[in-house]
Amino acid sequence: MILVFADQRDGNLKKASKEAISEGKRLATSLSDSLGVVVLGSGAKGVVDEIKKYGADKVFVSETPDAYSPDLYAEGVAKIAKENDAKVVLFPGTSMCVDFAPRVSAKLEAGLVTDITATEVKDGKLVVKKPVYSGKAIATVDYKSDIAMATLRPNVFELAESNGAGEVVEFSVDGEAKAKAIKVELKEAGKVELTEASIIVSGGRGVKGPEYFQNELQQLADLLGAAVGASRAAVDAGWIDHSHQVGQTGKVVSPKVYMAFGISGAIQHLAGMGTSQYIIAVNKDPDAPIFNVASLGVVADLFKVVPALIEEIKKAK
Ligand SMILES: Cc1cc2nc3c(=O)[nH]c(=O)nc-3n(C[C@H](O)[C@H](O)[C@H](O)COP(=O)(O)OP(=O)(O)OC[C@H]3O[C@@H](n4cnc5c(N)ncnc54)[C@H](O)[C@@H]3O)c2cc1C
């Protein structure tokens, strides 16, 4: 079996989970194997129908534990993997999965590769690719362990609906949580989550202060249904919260469109957004390294470009 963990919160299946299930289905098809999806926690039953759309043959569902607990989540996934002789276990690269996937790996004595951006099957076994050295090189990794595990970079793998038997198996996760989440505080309710956004409007030191993030960049993002990102220089200056930072020491994002305003394109920033599908950079310095990766480069003053963009989008709407 190819097993995929589906990350959901309160009955909302994350897009990154759908991508991981779609990729699991592609692998199951090439390996002539079945696809199992495991979903846990409060709200788990509410996402079963959506999971079935992506071709699951079996959905293992448990409303326990009610709150996120790294040890109990790991216990639940490892139990299902063992009982069903899983050969591959995939996770969406969400913060929660990145937190507990290593525990599953330890329990299953399985090799775990994080942040993968591609998979292939060689001689009937999984081989994965992941960016290394801040995105300067791509490593191809195969597994020595019997079970192969990976976390998938969000927004990289294509969504694909397909058919599967869709059998639902309920189970429970027993045991006492050694640690559990007691409260989830969503910083910006209603705003688009950075790692899942298909468009990101990002600002750097060139933006020159917090007001521009709060006003113009936020307005542009709202018009486009986008999330707001930032360089570390902007975050370190205290202009915007660290949760918006893109890069090596921030979040890794891979949206359809990444707009960089007043960002030079340091290697540590590129490490976090280099796999974006379409990069639009606005910078007044024609030699800024961001232009080396940009699909569209605009050498101009951002303070002129952003308001003009806002006006044009408003007109178009
Ligand atoms: C270990 C380590 C980890 C790091 N992790 C990260 C990370 O996760 N993310 C990250 O971003 N950085 C990271 N950095 C920092 C990184 O090296 C850069 O310092 C940082 O990315 C620079 O941010 P910036 O591009 O906003 O600022 P600058 O490099 O100062 O660039 C500002 C740009 O704005 C342009 N500009 C100025 N005014 C205008 C205008 N009016 N119109 C248009 N353009 C204008 C300038 O031409 C310039 O190119 C890390 C560094 C280290 C050492």
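**Entry 1: the ligand**

I began with R205, which has a polar side-chain atom 2.6 Å from an oxygen atom of the ligand. I took a polar contact to be a pair of N or O atoms within 3.5 Å; within protein, one must be able to donate a hydrogen and the other to accept it, and residues adjacent in sequence count only if both atoms are side-chain atoms. I note that this is a predicted model, in which local features need pLDDT of at least 70 and side-chain atom pairs count only at pLDDT 80 or more, while totals for chains, interfaces and linings use all residues. Residues are numbered from 1 along each chain as its sequence is written, and side-chain values use heavy atoms, with hydrogens and water left out.

I then looked up N283, where a polar side-chain atom lies 2.7 Å from an oxygen atom of the ligand. At L302 I found a polar backbone atom 2.9 Å from a nitrogen atom of the ligand. Taken alone, the ligand exposes 990 Å², and the protein buries 76% of that (Shrake-Rupley method, 1.4 Å probe; for residues, only the protein chains shown count as cover).

I listed the shell next: 26 residues surround the ligand, and the closest are R205, S231, T249, S264 and N283.

**Entry 2: helix α1**

I checked the length of α1 (residues 15-30). Helices (H or I, at least four residues) and strands (E, at least two) are DSSP runs, numbered from the N terminus. At 1.5 Å a residue, the 16 residues of α1 should span 22 Å, and the end C-alpha atoms are 23 Å apart, which agrees. The expected span is 1.5 Å times one less than the number of residues.

Is α1 enclosed or open? I found 12 of its 16 residues buried, so α1 is largely enclosed by the rest of the structure. Buried means under 20% relative accessible area, exposed over 50%, and partly exposed in between (1.4 Å probe, protein chains only). Among the buried residues are A16, I21, L27 and A28. Just after α1, S32 takes a positive phi of about 50°.

**Entry 3: aromatic pairs**

I searched the whole structure and found 8 aromatic pairs. Rings of Phe, Tyr and Trp (its six-membered ring) pair if their centres lie within 6.5 Å; planes under 30 degrees apart count as stacked, over 60 as edge-to-face and the rest as tilted. F5 and F91 form a tilted pair, 6.1 Å centre to centre, with 35° between the planes. F5 lies in strand β1 and F91 in strand β6, so the pair ties together parts that are 86 residues apart in sequence. Both F5 and F91 are buried.

For Y68 and Y73, the ring centres are 5.0 Å apart and the planes stand at 85°, so this pair is edge-to-face. Y68 and Y73 are both buried. Ring pairs link F5, Y68, Y73, F91 and F100 into a cluster.

**Entry 4: backbone details**

I noted a cis peptide bond from T64 to P65, with omega near -10°. P65 lies in the loop between β5 and α3.

D10, in the loop between β2 and β3, has a positive phi near 50°. At 59% relative accessibility, D10 counts as exposed.

How values were computed
A residue is near a molecule or strand if one of its heavy atoms lies within 4 Å of it.
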